[in-house]
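Thanks for coming. I have one structure to go through today, and I will keep to what can be computed from its atoms.

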Amino acid sequence: NYNVTATDNCGLSPLNLLTNPGNESGNLSGWVITLNGGDGWANTGAYGEVRSGNFSFSGSYWWDEMAQEVDLIAKGYSSAYLNTAPPIHVSEWYRASSCCSSTDEYYFKSELLDSIGNVLASYNLGSMAAPVQSTQVWQQVVHTFTGYPAGVTKVRITHGSKDNEGWAGNYGTIIDDAMVSI
């Protein structure tokens, strides 16, 4: 009885609700840039470094941050279904640029919001004040929201990237294949 569009047309994998999650459009469409420090976001990994596809996102020598908000109601999920607190999965892959450093800085935040933007639940992997160190090996941040309060209608993810060397260009943490799914 719920209006749900939870799987792709084959029913085999979760539907990624993000727009341009791995930068396959070759631009920053779907994302709101909230900080554009240094030389800003690049629409590909430094030296073409990607986890999958042809593009990824890469920050610069000052903090860069961007976010995307997914309206679950607009994506076809009913309030009644969302009030049953189905598991909401968020994930993203990240790594340091292999060009110039063995570590860069990164953080990831995901929030469940109600219809007026109040945060009902959140998850952080680091922050700008206390980032995690990315390495030259792809790492994945994964979190599943469960048991959250009724009223969730949106999911927002925010991530930040910065290189540790202060080089001009885009040698910060490379980000690829973000995902929000129910």
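Predicted model: local features only at pLDDT ≥ 70, side-chain atom pairs only at ≥ 80, totals over all residues.

Residues are numbered from 1 along each chain as its sequence is written, and side-chain values use heavy atoms, with hydrogens and water left out.

Now the layout. The chain has 1 helix and 10 strands. Helices here are DSSP runs of H or I with at least four residues, strands are runs of E with at least two, and both are numbered from the N terminus. Reading from the N terminus, the order is β-β-β-α-β-β-β-β-β-β-β.

The chain has 182 residues, and 48% of them count as buried. Buried means under 20% relative accessible area, exposed means over 50%, and partly exposed is in between, with a 1.4 Å probe and protein chains only. The accessible surface of the chain is about 7,900 Å², and 52% of that belongs to carbon and sulfur atoms. Those areas come from the Shrake-Rupley method with a 1.4 Å probe; for residues, only the protein chains shown count as cover.

On contacts, meaning heavy atoms within 4.5 Å, take the pairs of residues at least 6 apart in sequence: 77% of those contacts join residues at least 24 apart.

Next, charges. How many salt bridges are there? The count is 6, where a salt bridge is a side-chain nitrogen of Lys or Arg within 4 Å of a carboxyl oxygen of Asp or Glu.

One of them joins Lys154 to Glu69, with the closest N and O atoms 3.8 Å apart. Lys154 is in strand S9, residues 154–163, and Glu69 is in strand S3, residues 64–71, so this pair ties together parts that are 85 residues apart in sequence. Lys154 counts as buried, at 19% relative accessibility, whereas Glu69 is partly exposed at 40%.

Another salt bridge is between Glu105 and Lys162, at 3.6 Å from N to O. Glu105 lies in strand S5, residues 104–113, and Lys162 in strand S9, so the pair ties together parts 57 residues apart in sequence. Glu105 and Lys162 are both buried.

Lys109 and Glu111 also meet in a salt bridge, 3.8 Å from N to O. Here Lys109 is partly exposed, at 30% relative accessibility, and Glu111 is buried, at 9%. Salt bridges link Glu69, Lys109, Glu111, Lys154 and Arg156 in a network.

On to the rings themselves. There are 6 aromatic pairs. Rings of Phe, Tyr and Trp (its six-membered ring) pair if their centres lie within 6.5 Å; planes under 30 degrees apart count as stacked, over 60 as edge-to-face and the rest as tilted.

Tyr77 and Tyr81 form a stacked pair, 6.1 Å centre to centre with 20° between the planes. Tyr77 is buried at 1% relative accessibility, and Tyr81 is buried at 16%. Trp167 and Tyr171 have ring centres 5.8 Å apart and planes at 80°, so that pair is edge-to-face. Trp167 is partly exposed, at 42%, and Tyr171 is buried, at 18%.

Last, two pairs of positions for the viewer. Ser58, in strand S2, residues 57–58, is buried at 0% relative accessibility. Ala80, in helix H1, residues 79–82, is partly exposed at 45%. Ala80 and Ala150 are 70 residues apart in sequence, and 9.1 Å apart from C-alpha to C-alpha.
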